[in-house]
Amino acid sequence: MADTGRSRLLFLVGVGMITVIVLLALLAPRLTPYDPDVTVVARYTGPQPPSAAHPLGTDTLGRDVWARIVFGARTSLAVGALAMLVSLGIGVAVGLLAGYFGSWLDAALMWVVDLLLTMPTLLLLIVLATLLPPSLLTIPLVIGIVGWTTFARTVRGEVLSLRERDYVLAARALGASHGRVIVRHLLPGTLPSVLVLAALGMSGAIGLDAGLSYLGLGVPLPTPSWGRMISETQTYFAVAPWLVVVPGVAISTAVIGFNLIGYGLVDLLGAPRT
Amino acid sequence: MAGYVARRLLRAATTLLGTTLVLFVLVRVIPADPAVSIAGPKADPATLAAIRKDLGLDDPLAVQYGRYLWRLAHGDLGRSYVTGRGVAAVIGERLPATALLAVTSLAIGFTLGVAVGLLTAARQGSAADLAVLIATLVGLSIPTFFVGNLLVYAFGYRLRLLPLGGYGGLSHLILPAATLAFVELLFYARFVHSNVSGTLASDYVRTARAKGVPPLRLYLRHALRNALVPIVTLLGLDVASLMSGVVLTETVFNWPGLGRLAVQAVFNLDIPLVAGTVLFSAVLVLACNLAVDLLYGVIDPRVQHG
């Protein structure tokens, strides 16, 4: 176990990185005078390098890259948070039920988990994304449906040990219903690991969303998206490297930030390592 | 041991059956009408009816699922909506390119990763430990396709040493393999590092050290041997994430493998081809996990009785 001072440092660096991205997303319209979807150069002569008017340059359609980055932060955070909540909801429910009731229900639910783990995540995502019309709601839903297995396995493991504790046995002996035992006595005990998984789930979902967008299967066109900024402009990499580097750094920062928060939380909350 | 093997085989078989059911539901039940996907939205009703009859789409779903399983058992993955070619044949054509890329990068990444993990194993919480933790965390957070793009920029555009993409000789393989190997290296380095660090701090290693066991023997016989079971487990699970990495890397480098095939099939709405690719990768992952399960008995004698 690493010492707590260093974990706190990692955690705070992560919180700092994510705060910056959240601020970009919240203040987007105040941070740039430009519309992210509109050509802003007067006469298009190819992508422009960073200048005073356009701090991160303009892209292959003459749009302001900084405007697309700050509005793209909204997309990434919204997709990441929604997807994480879907995974968290399904995973925690499955983990609680499987761990508490055990026997055939546990066997059946864990069989579904094993099933999902044998299908490559990105390929399964691709299939689902083909079947559902892509939108700001379906993309996070699809990522969430694919990604809940870690939540379920971890919560199940915790419940297996929690349900044998004296206070849980006492509650059951006093006649508490299954629902009350699960919600009042087991759920709070899983909170530290769920918080860790929520942070790691955000980073995973943002990474998957970027991958999907890069393949052209993410949130549909008018919405600015960091992943697609790379796929749209990578053929111009030789002449306009900033068009690829800037969104790449943005995605990496978001993923690193949430990962740092997650790993810092492991030690700060005394959650088991997963 | 026989009972253990039988249980594992049964589990693999039920998972495989479940996978086919999931894919059947995804492919047959969710899309509105495959006949429209084949003939296009403007086709006349008579054509659509003929296609439905031809594909047996009017039969009950259970009958259709049974027929699907029967065909799978005979190696028939269906026909591409777009080209009309057998899906199994198309996958067979693309497989060598993907296998070359995946095996090369896994071999390089795994070997280097285990070596780096062993060499950097240190007291937990020390500066070296923290450095490895942060380096692997940051490295693994960078999207695969971004790593690939940066390599293309450096070695393709700037230094002009290597081709930008495509398939051919060794020079075409270097950048895509390096992209995937980068991820694999960090993944195994982090795991071996923390696992071996933990073992080195344990009582039995301290005892061995006190008895005067030389350091190399301590690392290989005590620490690495103990880490072997989880490493092999990880290797089995990693095949699934390796396939996801392959899809992105093949797209960056225009590498004509299964990943490119699946993505192109998606854009063509060629559902049998997409489903066939996913089923093929799922079978691959299942086979690897089964092999890993059976290997346990060899690596760890405790498992045989468990």
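A residue is called buried here if 20 or more other C-beta atoms lie within 10 Å of its own, with C-beta atoms placed from the backbone. By that rule, buried residues make up 36% of the 306 residues in chain B. Welcome to this structure, which is a predicted model.

**Chain B overall**
- Chain B has 13 helices and zero strands.
- Taken along the principal axes, the C-alpha atoms of chain B fill a box of roughly 85 × 60 × 30 Å.
- Among the contacts in chain B that link residues at least 6 apart in sequence, 72% join residues at least 24 apart.

**A bent helix in chain B**
- Helix 10 of chain B covers residues 215–253, which is 39 residues.
- The end C-alpha atoms of helix 10 of chain B are only 43 Å apart, whereas a straight helix would reach 57 Å at 1.5 Å a residue.
- Look at B:L224 to find a bend of about 45° in helix 10 of chain B.
- Just after helix 10 of chain B comes B:N254, which takes a positive phi of about 50°.

**Two packed helices in chain A**
- Two packed helices are described by the angle between their axes and the distance between the axes.
- For helix 1 (residues 4–26) and helix 11 of chain A, the axes come within 7 Å and cross at roughly 150°.
- This crossing of helix 1 of chain A and helix 11 of chain A is left-handed.
- Helix 1 of chain A brings residues including A:L10, A:F11, A:G14 and A:I18 to the contact, while helix 11 of chain A brings residues including A:G257, A:L260, A:I261 and A:G264.
- By class, the residues of this contact between helix 1 and helix 11 of chain A are 15 nonpolar, six polar and two charged.

**Where chains A and B meet**
- In the model, 40 residues of chain A are in contact with 40 residues of chain B.
- On the side of chain A that touches chain B, helix 4 (103–118), helix 5 (121–131), helix 9 (178–214) and helix 11 (242–268) of chain A each supply at least two residues.
- Helix 11 of chain A gives the most to that side, with nine residues.
- The side of chain A that touches chain B has 27 nonpolar, 10 polar and three charged residues.

Definitions and conventions
Residues are numbered from 1 along each chain as its sequence is written. Chains are lettered from A and ligands numbered from 1 in the order in which they are written. This is a predicted model: local features need pLDDT of at least 70, side-chain atom pairs count only at pLDDT 80 or more; totals for chains, interfaces and linings use all residues. Two residues are in contact if their C-beta atoms, placed from the backbone, lie within 7 Å. Helices (H or I, at least four residues) and strands (E, at least two) are DSSP runs, numbered from the N terminus. Ala, Val, Leu, Ile, Met, Phe, Trp, Tyr, Cys and Pro count as nonpolar, Asp, Glu, Lys and Arg as charged, and the others, Gly among them, as polar. The expected span of a helix is 1.5 Å times one less than its number of residues. The bend at a residue is the angle between axes fitted to the seven residues ending there and the seven starting there. Axes are lines fitted to C-alpha atoms, for helices over the stretch in contact, and angles run from 0 to 180 degrees between N-to-C directions. A crossing is left-handed if the near helix is turned anticlockwise from the far one by less than a right angle, and right-handed if clockwise. A residue is buried if 20 or more other C-beta atoms lie within 10 Å of its own, exposed if 12 or fewer, and partly exposed in between; C-beta atoms are placed from the backbone.
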